[in-house]
Amino acid sequence: MPASPSTARAINDRLALRLLQQEGPLTAGQLKQLTGLSRPTVADLVERLTAAGLITVVGEAGEQRRGPNAKVYGIVADRAHLAALDIRTEGVSVTVADLVGRVLAGASAPIGDDMGTGPAVEQAVALVESVVKEAGADRLHTVGIGAPGLIDPASGELRDSSGLPQWHRRLVAALQERLPEARVSVENETNLAALAEQRDGVAQDRDTFVLLWLGHGTGAAVVLDGALRRGASGGTGEIGFLPVPGTATLPSSTDCEGGFHSLAASVAVVDLAAQCGVPAEPGQEPSAVGVVRAAAGLVRSAVRSAVREVRGVETGAGASGTARACPAASPGAVSAARFLDALADRVAVGVASVVAILDPGCVVLGGEVGQAGGDELAARVQDRIARMTPLPTEVRTTTLGGSAVLRGALLTARDRAQEELFTPGERPVRRW
């Protein structure tokens with residue numbers, strides 16, 4: 001059945017707004033060309049969207065014709081302001097952006113283990129209010145939150161999880177109370193990281209992939225046929241509880257110690273580095289990111305030195321033209337390579353389990369540790385997976401690292417705000 005006039009107008013409006021979001025400011029002529037609509041139809045939708053306060057003239061563009069320059073239209077970016085939060089065990093990060101996703105302000109703050117629940121919540125809320133003020137926003141339209149733990153698929157609330165600070169759950173409720181006009185939603189941090197990698201990161205060419213989060217803890221996000229899969233109870237990807245060989249015990253329903261977490265979480269990574277003789281970065285306490293970054297750097301340097309020596313052998317050196325022998329790798333580089341090999345053995349156990357069940361074709365090593373390991377760690381994991389399973393699997397390194405959670409939360413907030421504001425029908429002209 002043909003669409004009614006009102007439905008057709010609504011479809012055209014949404015199409016034009018999406019094009020302005022994706023392409024940036026456009027003239028009416030460019031909208032006509034991209035949409036395939038007639039000039040009168042485009043003129044009508046431009047008038048409607050302008051009257052609704054969704055688009056405005058942002059400049060002029062000269063065209064190859066007589067007459068005045070064409071007006072350039074863009075989305076009214078300050079029509080709504082958005083906030084994204086990345087809640088970690090040890091602190092919180094906040095970003096405030098406009099309707100098109102342009103970041104206006106951001107800040108992070110640590111929250112100590114010794115701080116009580118009430119003070120921790122108040123400090124986090126105060127940080128949000130401070131960033132909102134710095135961004136020049138009167139109020140927030142949508143808030144997206146990324147947090148570790150399980151999200152109840154029925155209520156959308158963060159569930160009680162063993163080992164997570166109580167202030168996490170209280171913060172979500174406190175933000176809803178302090179920001180009554182804002183739409184506040186929370187999503188598992190690893191799921192948001194996968195969304196960011198799919199939209200802006202290393203998985204843009206993949207409809208199906210798994211992101212393996214390597215950071216303070218471990219987690220996985222599953223994207224199948226372009227859709228994020230959460231599971232019946234919101235627990236898809238809780239890989240930390242996966243029973244694996246190489247641990248002293250089995251995980252329980254309340255504790256992931258003994259599972260994959262015990263092999264690849266930050267504490268285990270630091271211990272493994274110490275066993276392999278890999279030092280922390282100079283002047284810093286040992287951390288998983290630090291030791292993995294240091295090891296990857298030593299291995300890269302050793303490879304570059306070896307390449308230079310091989311070239312010297314091939315071309316000859318010295319006045320006599322005799323070739324030089326390649327020196328053995330330094331003890332530090334040997335220890336670093338041994339550490340990365342051992343870490344890849346551990347990571348491959350988790351990856352192989354995911355591949356055997358889902359056959360995603362691509363696994364992204366995400367999180368701060370995944371980023372620190374770089375191609376040196378990813379190549380080692382892929383080599384092991386190729387020997388452990390007949391299913392072809394590409395292992396990639398994150399391009400977003402730990403910032404993926406905040407980026408994913410912002411993308412989610414922007415999508416939800418646009419979905420509401422770009423919805424056809426009566427649109428309030430007031431600004432949020």
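**Labels and their cut-offs**

Mentor: Arg199, at 30% relative accessibility, counts as partly exposed. Before going on, note that this is a predicted model, where local features need pLDDT of at least 70, side-chain atom pairs count only at pLDDT 80 or more, and totals for chains, interfaces and linings use all residues. Residues are numbered from 1 along each chain as its sequence is written, and side-chain values use heavy atoms, with hydrogens and water left out.

Trainee: Why is Arg199 called partly exposed?
Mentor: Buried means under 20% relative accessible area, exposed means over 50%, and partly exposed is in between (1.4 Å probe, protein chains only). Arg199 has 30%, so the label is partly exposed.

Trainee: What makes Asp415 and Arg199 a salt bridge?
Mentor: A salt bridge is a side-chain nitrogen of Lys or Arg within 4 Å of a carboxyl oxygen of Asp or Glu. In this pair the closest N and O atoms are 2.9 Å apart. The pair links distant parts of the chain, 216 residues apart: Asp415 is in helix α12 and Arg199 in helix α6 (residues 189–200). Helices are DSSP runs of H or I with at least four residues, strands are runs of E with at least two, and both are numbered from the N terminus.

Trainee: Why can such side chains pair at all?
Mentor: Side chains of opposite charge can pair when their charged atoms come close.

Trainee: How many salt bridges does the rule give?
Mentor: The count is 21. One of them joins Glu122 and Arg178, with the closest N and O atoms 3.3 Å apart.

Trainee: Is Asp98 buried or exposed?
Mentor: Asp98 has 1% relative accessibility, so Asp98 counts as buried. This residue is found in strand β5 (residues 91–98). Asp98 forms a salt bridge with Arg102 at 2.8 Å, and Arg102, at 49%, counts as partly exposed.

Trainee: Which residues does Asp98 touch?
Mentor: Contact means heavy atoms within 4.5 Å. Leaving out residues up to four places away in sequence, Asp98 touches Ala77, Ala80, His81, Leu82 and Leu104.

Trainee: What makes up the lining of the largest cavity?
Mentor: The lining residues divide into three nonpolar, three polar and two charged. Ala, Val, Leu, Ile, Met, Phe, Trp, Tyr, Cys and Pro count as nonpolar, Asp, Glu, Lys and Arg as charged, and the others, Gly among them, as polar.
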